[in-house]
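Please follow this account with the sequence and the coordinates side by side.

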Amino acid sequence: MAHKMSGEELRRYREQRGMNQQALVGWLNERLNRRYDRAKISRWETGAERIPQIVAGALKTVTEPVGIPAAAVRAAPVVFCAANQKGGVAKTTTCVNVAWLLAQSGQPNSGPRVLLIDCDPQANATVHLGVDPHERELAKATLTHALKASRPMREFMTPVCDGAFDLLPSSISLAATDRELLRQPNGTLILRAKIAQLAGQYDFVVLDCPPHLGELTVSVLNAADQLLIPTQTEMLSMMGIPQLFETIAGVRELVNPRLQILGILPTMYSPRRLQDETVMKELRELAAAEQLRLFSPVKRAADYSKSVMAGRPGLAYNPNSAGAESFREITDALLALAGEEMRHGA
């Protein structure tokens, strides 16, 4: 009986068993008396070479090959993003601090496993966490390379905040990726497919969006479970929300019905300014009309600028910074959702 296996099937088979390419090479060479190498596995997985029938047969005919663990049932992470096509609304500040708070929840050394993916070519989250985008680009360890590579996503991660959570950095090279996604069939689904590889490795994945509704942002919405809309308490920032609602509706209908709006987060709020109070009133009305949660506003604070210089989240720099309550509300909402999914799965 002829056995056939696609490159995608081989990659999925390997990753479901927690194996890297070299581990698979060792098992195949021992079992089949061959001299395959890691480059050969890569060519098979990318489709550059056809997988020999003897290899496909060895993997498909044995449910649990000796030396290879059975496929594990691995829970998918909760994928959270913050999006607004208006820049300067504290998307990065929100993502960095929520990632930090998620990682700090639970018992010491056993809290949730958190990954922050910087999806913005400006690399603000990368810089905020003290990682040099240029250095990571030279090492080919940024989101640009992760989206194009056949290697597991895990190989591109960088631990940050003394190992509290992981970062997949960005760099300016990601700007070209936005255009390349337009030219690829199903290009805006690549990020979603890559994140699917992380099942069982992380409990939460936080995605920091670029400040526009391009292909990268659509890719993020295609991959996300929960969307937060940060908006500065000024009219220009709020005006982009209806357009974002339209994009979300299209994503839900055509690609990602799981996408939900976690709520709206007012940022850079000053209660003494008439404009801020006027916008807050309109945000309350908008949230009520759309049946959305309006989180407590984040007040302006110097701590967040200082924390960038320190290469740490603002709440790691000062746990009592203005806005701490708001970010904890968001974190608690995500932890509650994760708990509901676990109970539902059980």
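**From a cavity to the sheet and its helices**

Helix 8 (143-148), helix 10 (190-196) and helix 11 each supply at least two residues of the lining of the largest cavity, where helices (H or I, at least four residues) and strands (E, at least two) are DSSP runs, numbered from the N terminus. The model is a predicted one, in which local features need pLDDT of at least 70 and side-chain atom pairs count only at pLDDT 80 or more, while totals for chains, interfaces and linings use all residues. Residues are numbered from 1 along each chain as its sequence is written, and side-chain values use heavy atoms, with hydrogens and water left out.

Rolling a probe the size of a water molecule over the atoms shows where empty space is left. On a 1 Å grid over the protein atoms alone, a cavity is a set of points where a 1.4 Å probe fits but cannot get out, whereas a pocket is an open set with protein on both sides within 12 Å along at least five of seven lines; lining residues have an atom within 4 Å of a point. Grid points are joined across faces, edges and corners, and a volume is the space filled by probe spheres set on the points. A search of the whole structure finds one cavity of 30 Å³ or more, and the largest cavity holds about 60 Å³ of space. Its lining consists of Cys119, Leu143, Leu147, Leu181, Gly187, Ile190, Leu191, Leu216, Ser219 and Val220, of which helix 11 gives the largest share, three residues. This lining divides into eight nonpolar, two polar and no charged residues, counting Ala, Val, Leu, Ile, Met, Phe, Trp, Tyr, Cys and Pro as nonpolar, Asp, Glu, Lys and Arg as charged, and the others, Gly among them, as polar.

Strand 1 (residues 78-82) and strand 6 (residues 226-232) run parallel and are joined by three bridges, and Phe80 has Gln226 as its bridge partner in strand 6.

The contact (heavy atoms within 4.5 Å) is made by Leu24, Trp27, Leu28, Arg31 and Leu32 of helix 2 and Ile54, Val55, Ala58 and Leu59 of helix 4.

The second largest pocket has a volume of about 470 Å³, and of the 24 residues that line it, Val89, Ala90, Lys91, Thr93 and Met268 are the closest to its centre. Its lining divides into 11 nonpolar, nine polar and four charged residues.

Notes
Contact = heavy atoms within 4.5 Å. Pairing = 2+ DSSP bridges.
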